[in-house]
Amino acid sequence: MPHDTPLIATIVAGLGLAFVFGALANRFRIPPLVGYLVAGVLVGPNTPGFVADTGLANELAEIGVILLMFGVGLHFSLKDLLSVRAIAVPGAIVQIGFATALGAGLAWMLGWSMGAGLVFGLALSVASTVVLLRALQERRLIETERGRIAVGWLIVEDLAMVLALVLLPALAGVLGSQEQVEVHSSSLLSLPASYGVWGVVGITLAKVAAFVVVMLVVGRRVIPWILHYVAHTGSRELFRLAVLAIALGVAFGAAKLFGVSLALGAFFAGMIMSESELSHRAAEESLPLRDAFSVLFFVSVGMLFDPFSLVSNGWPVLATLAIIVIGKSLAAFVIVVAFRYPIATALMISASLAQIGEFSFILAELGVGLKLLPEQGRDLILAGAILSIVLNPLMFLAVDWMKPWLERRAGKTAPLDVAKPIGPATEPGQLASDAAPVKEDGPPPSTALTGHSILVGYGRVGSLVGASLKEAALPFLVIEDADKTLAKLKDDGIETVSGNAANSEVFAAANPDGAKRLILAIPNAFEAGQIVLRARAANPKINIIARAHSDAEVEHLKGLGADTVIMGEREIARGIVEEVMEGKAEAAEEPKAPIT
């Protein structure tokens, strides 16, 4: 057996060091992704010691991007995407234009050509898919209005970058390339420059439209049918394989046949699959691989970074970072506020977009290959990406700090009708009437209930618990952060608190001081543990009931203060045993037939 195995070495070194430095970062209360980036720097070509295969690392990272966008698509729908088009499309276009202009200005100050400035500015204008989605998932914002706007914004940016990738080879000569490039690569993503600019644009848009039509007409029928067929085989292994094959197959086919990016193709595959009743199970089956490969993405980014460039290009690096973190954020903030969305929404989107990633690297490599962008520009883009990714969690902390001050200031200076956030049934920019329900984006109002039950989570388990509480006429409220579930609860007349129960303001709104019991129906034991600690501190006498999936989780939650922890497997076993014993007792009571 050959011992020269660069793929295995890259995976082992990447994941192993990512675990070590991620754990150290978490120990010192630093985001783990900083540890992942450090691991990448250590196995990269710019530091001594073991050097992993950069090409393989980048391909493994691309799988992570595909699976992550596929997972987002599973929680999205076409209706959700269209609902934010009024802000996502113009917002992304204006923000891309503003950031590109700032980048071109810095390039001009550095003495670069017009073409170099255009490539450099475009690379600074597009946010990283992985970083943005990881940030939204950690804060459980994917299914909220703010999350949908951010994801819609991201999709528009991806489409714009796909167009830029096919246009740059055709425009290379006009933009000052040192050599005329007819065909940049063998991929169908690139088109011959002889088609002309408008021909390339037209063909690209036609390919994207064809892909969307194929997915909506064919994919909507075929993908759910495949899932249901495999599910009926009863093989969990085959079902998991089907989910991964669909995600990777559609993404690869979209890129090769239609010129759509891998991430965008995977997103549409997930969005089509979300219409199936098995979408929740598909999301669970793909989660472990999504997490593992997204870590490899950060490792691959770290491998590209040369730490010594911070010294040799000090001031240009700082200027590049300022464009990414400050310039893009301010542009996004002004755009969202101009559409009369709440300040909290504007701040969250600004923080989400204050970084760059995978598309920036692709544009930088293309620009260098076309002799448009100097190698110094690629180094600045890599440095800006690393630093902005490291600083991104701090941006969210800054948002939490700035939000109350900005909201108070806006309340003092803005007219009352302008300061009102729009209701869910209105279009962006349309004012909510006094009679319309007002959707607050800040801290939720406190409940007036006392002696009630607090039900955290309203999924498959929580909905059954809630139905029983309602049938027994016991007072309760639900803490939930999914907009669709909140709307259904409101229609059913059930009081809700919108947000993540691990957030202190959200949990305080449920009045834990006056509550009788806390029911944790969420499957995440780590998050549930935080809520148990918060509840016990607020009300030492509250009765806490939680759920778990293993004996270790049971001990963990009980150790933190939960009174009762129910493990699903135990209850299933108990139900089976009771059924068997009842059947045995009935058989013993049956009169025996007389012997003749």
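**Figure 1. Crossing of helix H6 with helix H14 in the predicted model.** Helix H6 spans residues 114-125 and helix H14 spans residues 314-338. Their axes come within 10 Å and cross at roughly 50 degrees. H6 and H14 are therefore oblique to each other, and their crossing is right-handed. On the H6 side the contact is made by Phe 120, Leu 124 and Ser 125; on the H14 side it is made by Thr 320, Ile 323, Ile 324 and Lys 328. By class, the contact has four nonpolar, two polar and one charged residues.

**Figure 2. Crossing of helix H6 with helix H16.** The two axes come within 8 Å and cross at roughly 165 degrees. Because angles over 145 degrees count as roughly antiparallel, H6 is roughly antiparallel to H16. H6 passes H16 in a left-handed crossing. Val 119, Leu 122 and Ala 123 of H6 meet Ser 360, Leu 363 and Gly 367 of H16. The residues of this contact divide into four nonpolar, two polar and no charged.

Figure 3. Leaving aside neighbours within four places in sequence, Gly 103 is in contact with Gly 117, Phe 120, Gly 121, Leu 124 and Ile 323. Among these contacts of Gly 103 are Phe 120, Leu 124 and Ile 323, which also take part in the contact between H6 and H14. The C-alpha atoms of Gly 103 and Thr 320 are separated by 7.5 Å, although the two residues are 217 residues apart along the chain. Thr 320 is one of the H14 residues that meet H6.

**Figure 4. Asn 539 in the loop between helix H22 and strand E5.** Not counting residues up to four places away in sequence, Asn 539 touches Pro 512, Asp 513 and Ala 515.

**Figure 5. Positive phi at Lys 371 and Ala 473.** Most residues other than glycine have a negative phi. Phi of Lys 371 is near 60 degrees, and phi of Ala 473 is also near 60 degrees. Lys 371 lies in the loop between helix H16 (358-369) and helix H17 (375-413). Ala 473 is found in the loop between helix H19 (460-471) and strand E2 (476-480). With a relative accessible area of 40%, Lys 371 is partly exposed, whereas Ala 473, at 66%, is exposed.

**Figure 6. Confidence along the chain and two stretches with pLDDT below 50.** The chain averages a pLDDT of 80, and 86% of the residues score at least 70. Residues 180-189 have a pLDDT below 50, and this stretch has 23 contacts in the model beyond near neighbours in sequence. Residues 413-440 also have a pLDDT below 50, with 33 contacts in the model beyond near neighbours in sequence.

Technical notes
Residues are numbered from 1 along each chain as its sequence is written. This is a predicted model: local features need pLDDT of at least 70, side-chain atom pairs count only at pLDDT 80 or more; totals for chains, interfaces and linings use all residues. Side-chain values use heavy atoms; hydrogens and water are left out. pLDDT is the predictor's confidence in each residue, from 0 to 100. Contact means heavy atoms within 4.5 Å. Axes are lines fitted to C-alpha atoms, for helices over the stretch in contact, and angles run from 0 to 180 degrees between N-to-C directions. Helices (H or I, at least four residues) and strands (E, at least two) are DSSP runs, numbered from the N terminus. Angles under 35 degrees count as roughly parallel, over 145 as roughly antiparallel, 65 to 115 as roughly perpendicular and the rest as oblique. A crossing is left-handed if the near helix is turned anticlockwise from the far one by less than a right angle, and right-handed if clockwise. Ala, Val, Leu, Ile, Met, Phe, Trp, Tyr, Cys and Pro count as nonpolar, Asp, Glu, Lys and Arg as charged, and the others, Gly among them, as polar. Buried means under 20% relative accessible area, exposed over 50%, partly exposed in between (1.4 Å probe, protein chains only).
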